[in-house]
Amino acid sequence: AAKENSRYAHVHPQFHYIDCLKFTAKKYDEIIVNMPFGLRVGSHSKNERLYKAYFRILPGILTDEGLAVLYTHEKQLTEQLIRACGSFDVLKRATFDAGGLYPAVYVLRKTAK
């Protein structure tokens with residue numbers, strides 16, 4: 001769906017379908033992630049391990065002015081990790097209805113050094 005939407009928008013992003021924890025060779029200006037919800041598939045405890053591991057690598061794969069856009073239902077966990085990581089400023093947080101669930105989108109920018 002994202003590839004089709006990009007064609008209609010006349011933009012040409014790079015799409016990578018890989019293990020996000022192993023893809024650390026490059027730096028990106030923008031990363032958009034649909035984080036696992038852990039409701040229908042998976043669990044909160046699996047999400048804790050994955051989210052923590054992802055927050056360990058995320059600062060290193062973003063450029064200094066890079067943005068990360070995270071879509072997640074794990075709002076409390078995400079906010080705890082943002083604070084604990086200490087590498088990001090939250091530019092925007094929005095919660096909305098998605099078929100009876102209430103996920104959030106976080107727009108993060110790396111904190112200036």
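Me: Why does Thr24 count as partly exposed?

Reply: This is a predicted model, and in it Thr24 has 42% relative accessibility. Buried means under 20% and exposed means over 50%, with partly exposed in between. The value of 42% falls between these limits, so Thr24 counts as partly exposed.

Me: Where is Thr24 found, and what does Thr24 touch beyond residues up to four places away in sequence?

Reply: Thr24 is in the loop between α1 (2–9) and β1. With those neighbours not counted, Thr24 touches Ile57 and Ile61. The C-alpha atoms of Thr24 and Leu58 are separated by 8.7 Å, although these residues are 34 places apart along the chain.

Me: What makes Thr72 buried?

Reply: The relative accessible area of Thr72 is 0%. Buried requires under 20%, so Thr72 is buried. Thr72 belongs to strand β2 (residues 62–72). Residues up to four places away aside, Thr72 touches Met35, Phe37, Tyr51, Thr78, Pro103, Ala104 and Tyr106.

Me: How do you know that the side chain of Thr72 makes a polar contact with Glu74?

Reply: The side chain of Thr72 reaches the backbone nitrogen of Glu74 at 2.8 Å.

Me: Which residues touch the most other members of the largest nonpolar core?

Reply: They are Ile31, Tyr54, Phe55, Leu58, Leu70 and Leu108, in a core of 20 residues. At least two residues of this core come from each of β1 (28–34), α2 (44–61), β2, α3 (75–85) and β4 (104–110). The largest share is that of α2, with six residues.

Me: Which residues is Leu70 in contact with, leaving aside neighbours within four places?

Reply: Leu70 is in contact with Val33, Met35, Phe55, Thr78, Ala104, Val105, Tyr106 and Leu108. Val33 is also the residue whose bridge partner in β2 is Leu70.

Me: How do you know that β2 pairs with both β1 and β4?

Reply: Two strands pair if there are at least two bridges between them. Six bridges join β1 to β2, and β2 and β4 also have six bridges. Six meets the requirement of at least two in each case, so both count as pairs. β1 and β2 run parallel, whereas β2 and β4 pair in the antiparallel sense. Leu67 shows both sides of β2: Glu30 stands opposite Leu67, and Arg109 in β4 is the bridge partner of Leu67.

Me: What makes β1 and β3 the edge strands?

Reply: The sheet is open, with four strands in the order β1-β2-β4-β3 and mixed pairing. β1 and β3 (88–95) each pair on one side only, and they are the edge strands. From one strand to the next the twist averages 15°. α2 lies across β1, β2, β3 and β4, at about 150° to β2.

Me: How many aromatic pairs does a search of the whole structure find?

Reply: The search finds two.

Me: Why is the pair of Phe55 and Phe88 called edge-to-face?

Reply: The ring centres are 6.4 Å apart, within the limit of 6.5 Å, so the rings pair. The planes are at 85°, over the 60 degrees required, so the pair is edge-to-face. Phe55 is in helix α2 and Phe88 in strand β3, 33 residues apart. With Phe55 at 4% and Phe88 at 7% relative accessibility, each is under 20%, so both count as buried.

Me: Why is the pair of Tyr71 and Phe96 called stacked?

Reply: The centres of the Tyr71 and Phe96 rings are 5.9 Å apart, also within 6.5 Å, and their planes are at 15°, under 30 degrees, so the pair is stacked. Tyr71 is in strand β2 and Phe96 in the loop between β3 and β4, 25 residues apart. Relative accessible area is 24% for Tyr71 and 33% for Phe96. Both values lie between 20% and 50%, so both residues are partly exposed.

Terms used: Residues numbered from 1 in each chain as written. Predicted model: local features only at pLDDT ≥ 70, side-chain atom pairs only at ≥ 80, totals over all residues. Heavy atoms only, no water. Buried < 20%, exposed > 50% of the residue type's maximum accessible area, 1.4 Å probe, protein only. Polar contact = N/O pair within 3.5 Å; in protein donor to acceptor, adjacent residues only side chain to side chain. Contact = heavy atoms within 4.5 Å. Core = buried A, V, L, I, M, F, W, Y, C linked by side-chain atoms within 4.5 Å. Axes fitted to C-alpha atoms, helices over the stretch in contact; angles between N-to-C directions. Phe/Tyr/Trp six-rings, centres within 6.5 Å; stacked < 30°, edge-to-face > 60°.
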